[in-house]
Amino acid sequence: MAGIGGAVTTGRKARWTVLNVLVVVYALFPVLWIVSLSFKTKETLGDGNFIPREWTFDNYKTIFSTTEFVRALVNSIGIALIATAVAVVFGTMAAYAIARLDFPGKRLLIGVSLLIAMFPQISLVSPLFEIERGLGLFDTWPGLILPYITFALPLAIYTLSAFFREIPWELEKAAKMDGATPGQAFRRVIAPLAAPGVFTTAILVFIFCWNDFLFAISLTSTEASRTVPVALSFFTGSSQFEDPTGSIAAAAVVITIPIILFVLFFQRRIVAGLTSGAVKG
Amino acid sequence: MAEIVLDNVTKQYPDGAVAVRDVDIEIADGEFIILVGPSGCGKSTTLNMIAGLEDITAGELRIGGERVNERAPKDRDIAMVFQSYALYPHMTVKENMAFPLRLAKVDDTTVEKKVRDAAEILDLTQHLDRKPSNLSGGQRQRVAMGRAIVRSPKAFLMDEPLSNLDAKLRVQMRTSVSRLQKQLGTTTVYVTHDQTEAMTLGDRVVVMRGGAVQQIGAPQFLYDNPANLFVAGFIGSPAMNFVPASLENGVLRSALGDVPLTDRVRSLLEGAEAPREVIMGLRPEHFEDARLVDDTVRSNGVTFTNQVDVLESMGSDKFAYFSLSGEQATSAELAELAADAGSADVPGGGVSLVARISATSSAVEGEPADIWFDADKVQLFDPGNGRNLTYRG
């Protein structure tokens, strides 16, 4: 928003600032609300104040003192990271092949992956439940990782093949002419250029796995593999009369943090226009 | 440095389309050779086969005496400059130029020295630490050249390296490419669709059409002695004029009048089994304003009078455009040339003619002018197969 020619008037700047603040407030208001809730004491939870009158860390202490939440957090991080890594590695290879090579069955592969992406997940829950129980995968990490990879792969392949298609084919030819083996050409020329695409895809896949509730609640039954979104729904107060709202708010804040960190960490690498200057046109 | 020999090289795609047919070219060590032709003539495919980026279906390719058909590009020791430059955007100019050396595992001091040397030759020294995205078109082009020369390969392959530059820079770079090639003395194969580049750069020019070689020769020889209609029409700007004519009793009857056959033309025609109907080819510079031709010379040619449609003054000369009544010369070659030039759909009956006449001519646009042409410079072509009947091979 630097303005064309750099001539940004004060009035224009002010208009943009107001607009930006409005958008940010609108988008972040629910998040701020839950942050506010997480810092309130039990007594002031329902007072309707946006800024807590009494600040407390009790809610956070409570959730981290239960193995229920800590264990779920470990499950979530582990499952999401493994699923993301596998999906991105396979997605990269598949996307490269789709973007660059002509092989029999290419259209079929694209068609099938599109089909999977469009399939309503709820319709697969019962069969998956039966299959996983039969195979002994029910309530295990692989039991969640596998379906996550299945549904994340089409997404990964689609995003990545779009990125690969943007990398000029001639760069690879040039690398070959410069004396590179196909492996070297991929590692030293194509992979660095595809990096923004890979990171974007990793973020999308990670968020998908991290946020999933449907599979996580249907294919787990104990702390062994229950992820945070599910664990949250099982939160109870210490007695049946106690309201777990404060704990849920704290937990919700906690599980947002890894996503924010993940995005911030990779954001620097997602630089648009990295390939500019490679070829003219 | 090495000679490159294409021995009956053919490229056929799996769908049966033949891109290149029986190409036979012997490129001498240190020679600068140009492959030229309209788009789709197979010139780039030929280059890619020499590079190893495309398989050779039949025939043999030898570089420095060794058969290299089955070798990967990296084992052929040739460098290529791409039309799009294909610079690695994530590397600096220095890293781009060092890349082939790094892959060849050359030690750091040598890499440094060679990159410096190449940068100096190409005037890139002050840009070494910049990324390609921050360079101008001409600088990018030079980096691409630098990446090619840095490892002193056996040969350079250039795929329309100047076509992305604007007109002025192209002329400038054309000279520097030529100078660089002379300086390095490396065998160079250069692909272009621009006949001016072909004429000015090469030691020899290979004219291609529809995957087949039409003629190979020095630029001036091709210009003076085109083997067929296609070469005649492709080489030269403005292009050669083609007028239908019929041979009757040693005289050519055409829309320009009756042209007597000179001794030279007559002797060349003798062995050629010329048909009755021919196409007469005349270069624009063989015309002149009749008033500026003295009488002794005048008798060696033919004078005709026609209205000048358009008169373009170039300062040094004038280009006069005429339209003659009568049939336009037709042949498959000419149709293809017209399609390539994009003039196939341009309406206009009859024969159009361009004459390059002296700047001192007093011809006026829209008025009739007397124009003379040299009958001895006439070239005659067979409209059936395009063959030059007056070819002096």
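Q: What makes chain B and chain A count as being in contact in this predicted model?
A: In this predicted model, 26 residues of chain B touch 23 residues of chain A. Contact requires heavy atoms within 4.5 Å, and these residues are therefore the ones that meet that cut-off.

Q: How do you know how much area is buried between chain B and chain A?
A: The value is the accessible area that two parts lose on being put together, summed over both. For chain B and chain A it is about 2300 Å², with 63% given by carbon and sulfur atoms. On the chain B side, Lys74(B), Pro89(B) and Leu103(B) supply 24% of the area buried against chain A, more than any other three residues.

Q: Why is the pair Asp178(A) and Arg147(B) called a salt bridge?
A: The closest N and O atoms of Asp178(A) and Arg147(B) are 3.4 Å apart. The cut-off is 4 Å between a side-chain nitrogen of Lys or Arg and a carboxyl oxygen of Asp or Glu, so the pair qualifies. The count between the two chains is one salt bridge.

Q: What makes S4(B) and S5(B) a pair of strands?
A: Two bridges join strand S4 (residues 58-63) of chain B to S5(B), and the two run antiparallel. Pairing needs at least two bridges, so S4(B) and S5(B) meet the condition. In one of the bridges, Ile63(B) has Glu66(B) of S5(B) as its partner.

Q: Why are S2 and S5 of chain B called edge strands?
A: The open sheet of four strands has the order S2-S1-S4-S5 (chain B), with antiparallel pairing. Strand S2 (18-27) and strand S5 (66-67) of chain B each pair on one side only. Helix H1 (residues 43-51) of chain B packs on this sheet, touching strand S1 (4-12), S2 and S4 of chain B. The direction of H1 makes about 115 degrees with that of S1(B).

Q: How do you know that S17(B) and S18(B) pair, and what lies between them?
A: Strand S17 (residues 310-313) and strand S18 (residues 317-324) of chain B share four bridges in the antiparallel sense. At least two are required, so the strands pair. Ser313(B) has Lys318(B) in S18(B) as its bridge partner. Three residues lie between the strands of this hairpin, and Gly315(B) in the turn has a positive phi of about 90 degrees.

Q: Which residues have the most contacts inside the largest nonpolar core?
A: That core has 52 residues, and those with the most contacts inside it are Ile34(B), Met97(B), Val115(B), Tyr190(B), Val207(B) and Phe242(B). A second, separate core of 51 residues includes Phe164(A), Ala51(B), Leu61(B) and Tyr88(B).

Note on methods: Residues numbered from 1 in each chain as written. Chains lettered and ligands numbered in written order. Predicted model: local features only at pLDDT ≥ 70, side-chain atom pairs only at ≥ 80, totals over all residues. Heavy atoms only, no water. Core = buried A, V, L, I, M, F, W, Y, C linked by side-chain atoms within 4.5 Å. Buried < 20%, exposed > 50% of the residue type's maximum accessible area, 1.4 Å probe, protein only. Axes fitted to C-alpha atoms, helices over the stretch in contact; angles between N-to-C directions. Buried area = accessible area lost by both parts, 1.4 Å probe.
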